[in-house]
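The following exercises concern a single protein model.

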Amino acid sequence: MKKKHLEMLLQKIPKPNNPNPRLEQYMTPASIASDILYNAYHLGDISDKIIIDLGCGTGIFSIGASMFDAKKIIGIDVDKDCIKIAQKYSKQNNLNIEYKILDVTDVFTKCNTIFMNPPFGAQKSNKNADRKFIEKGFEITEIIYSIHLTQTIPFLEKMISSLGGTITYKKQYYFPIKWQFDFHKKELIDYDVTLIRIKTK
């Protein structure tokens, strides 16, 4: 599958109906998700692997991974409404993806690769929320693909090193977030984010 074709398919995935600002539910743009998945596939991190889409939202990474012959795919999110949307879309398109409603701290299923776009921690009540996603990843997988604000990468590098992991790949993107909540002051803001590939062992 060509990357542009994958991006077009991912653009069709429904957005959350009632996004929760506390959970920072900003859907990963299809252009970014397709690029991450395409590169992960060529690095051998999807085909015949057990994949977890951690904090899956409506399933953009889990649905995308299903296009690359993954052995098993599980999407996990604490928001039951997002899970319902992902399940409905997957069923309508005959995709074999398992979805679970769980908090990230309650995930114990082992896998080969995790894809995630954890909360950036922009809300005070959600500060450092991305840490628990990374810490969980170290418990259950070998490879993590994770998106973070670029300004937090130096801190994350120290954290990942202290956990015994290695960042093997980085790529920067501009992550557009449209006006979505009452506290948003602009119609569109581009955030400078960095994708990191972490080898946990």
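The exercises below, each with a worked solution, refer to this predicted model.

**Exercise 1.** Determine which residues of helix H1 are buried and where they lie around the axis.

*Solution.* Step 1: helix H1 spans residues 3–10, and its buried residues are Leu6, Glu7 and Leu10. Step 2: these residues lie on the same side of H1, because they cover an arc of only 100° around the axis. Step 3: the buried residues of H1 pack against helix H2 (30–42) and helix H3 (60–65).

**Exercise 2.** Describe how strand S4 is paired and which way its side chains point.

*Solution.* Step 1: strand S4 comprises residues 113–116. S4 pairs with S1 in the parallel sense over four bridges, and Ile51 stands opposite Thr113. Step 2: S4 also pairs with strand S5 (residues 143–149), in the parallel sense and over four bridges; here Ser146 is the bridge partner of Met116. Step 3: in a regular strand, side chains alternate between the two faces of the sheet. Step 4: Thr113 and Phe115 point one way from S4, whereas Ile114 and Met116 point the other way, and all are buried.

**Exercise 3.** Characterise the surroundings of Asp53.

*Solution.* Step 1: Asp53 belongs to strand S1 (residues 50–54). Step 2: Asp53 is buried, and Lys100, the nearest side chain of opposite charge, is 14 Å away. A salt bridge requires a distance within 4 Å, so Asp53 has none. Step 3: the side chain of Asp53 reaches the backbone nitrogen of Ser62 at 2.9 Å. Step 4: beyond four places in sequence, Asp53 touches several residues, among them Ile60, Ile76 and Phe115.

How values were computed. Residues numbered from 1 in each chain as written. Predicted model: local features only at pLDDT ≥ 70, side-chain atom pairs only at ≥ 80, totals over all residues. Heavy atoms only, no water. Helix = DSSP H or I, 4+ residues; strand = E, 2+ residues; numbered from the N terminus. Buried < 20%, exposed > 50% of the residue type's maximum accessible area, 1.4 Å probe, protein only. Lys, Arg positive; Asp, Glu negative; His and termini not counted. Polar contact = N/O pair within 3.5 Å; in protein donor to acceptor, adjacent residues only side chain to side chain. Contact = heavy atoms within 4.5 Å. Arc of directions from axis to C-beta. Pairing = 2+ DSSP bridges.
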